[in-house]
Amino acid sequence: MQWVIFLKKAFMISGVFISGLIGAGFATGSEIFFYFAKYGVKGYIGIVLSAFLFALLQYEIITQSHRLSAHTIDEYLKKIMPKNLASVIGIFTYIFMLFILSAMLSGFGEMLYLLWGIKKSIGAMIMLLITAFIISKGYDFFVKSESLFFVMIISIMVCVFIYLYAFFKPEMQAFLPSDSWSASAVSYTGYNMMTGAAVLC
């Protein structure tokens, strides 16, 4: 019975992590293409490199967070660096999250407009209300809702991968190919680390 409880908690936490980390950008295919698919076979190596970096860095964050009893991103930052620097990075984190929220609102509004002709401002307001509702219900509800969104996001990602594999034509690339696949993998890992740290702490 303990294993069932453990697996349930592990699934929910991993669901929140994946939902928060890869989110809509990866699920829509834009990040899959921009960071990995455009490099062809080397893109697969990039995925492995990125996964390795995530595993290494996130393991370190979890270990430190537990050892330092730092259970929010603010607490964690203040215990691993000078207080003034932690405050600056904390402010930057909130600004970054505000940009992410703005992108979510804009993207949802655009999606509803393209699919059903609903005004973009109404679509953005619907997304804002959904976000406010989830946050108002507290941490437990947030975890449960995100773990459900995780299933949806993974399903969409699988469909995007299948589509790219079946219909992708090199001559229709939106970006020029280059050999900087490793820099792309590191870049993807780096800019997502903040979200990963916020979720895992």
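## Close-up views of a helical protein

View 1. Let's start with Ser-50, which sits in helix 3, the stretch covering residues 41-68. Keep in mind as you look around that this is a predicted model. Ser-50 has a relative accessible area of 3%, so it counts as buried, the cut-off being under 20%. Leaving aside residues up to four places away in sequence, Ser-50 is in contact with Phe-36, Ala-185, Tyr-188 and Thr-189.

**View 2. The largest nonpolar core.** Here you can find a core of 15 residues, the largest nonpolar one. The members that touch the most others are Phe-36, Ile-61, Tyr-76, Leu-77 and Tyr-188. Two or more residues each come from helix 2 (30-36), helix 3, helix 4 (73-80) and helix 8 (181-200). Helix 8 is the top contributor to this core, giving 4 residues. In soluble globular proteins, nonpolar side chains tend to be buried together.

**View 3. Leu-77 and its contacts.** Now take a look at Leu-77, one of the core members that touch the most others. Setting aside residues up to four places away in sequence, Leu-77 meets Ala-86, Ile-89, Gly-90 and Thr-93.

**View 4. Stepping back to the whole protein.** The protein has 8 helices and 0 strands, giving the pattern α-α-α-α-α-α-α-α along the sequence. Of its 201 residues, 32% are buried. Among contacts between residues at least 6 apart in sequence, 71% link residues at least 24 apart. The accessible surface is about 13,300 Å², and carbon and sulfur atoms account for 74% of that area.

Methods:
Residues are numbered from 1 along each chain as its sequence is written. This is a predicted model: local features need pLDDT of at least 70, side-chain atom pairs count only at pLDDT 80 or more; totals for chains, interfaces and linings use all residues. Side-chain values use heavy atoms; hydrogens and water are left out. Buried means under 20% relative accessible area, exposed over 50%, partly exposed in between (1.4 Å probe, protein chains only). Contact means heavy atoms within 4.5 Å. A nonpolar core is a set of buried Ala, Val, Leu, Ile, Met, Phe, Trp, Tyr and Cys residues joined through side-chain atoms within 4.5 Å. Accessible areas come from the Shrake-Rupley method with a 1.4 Å probe; for residues, only the protein chains shown count as cover.
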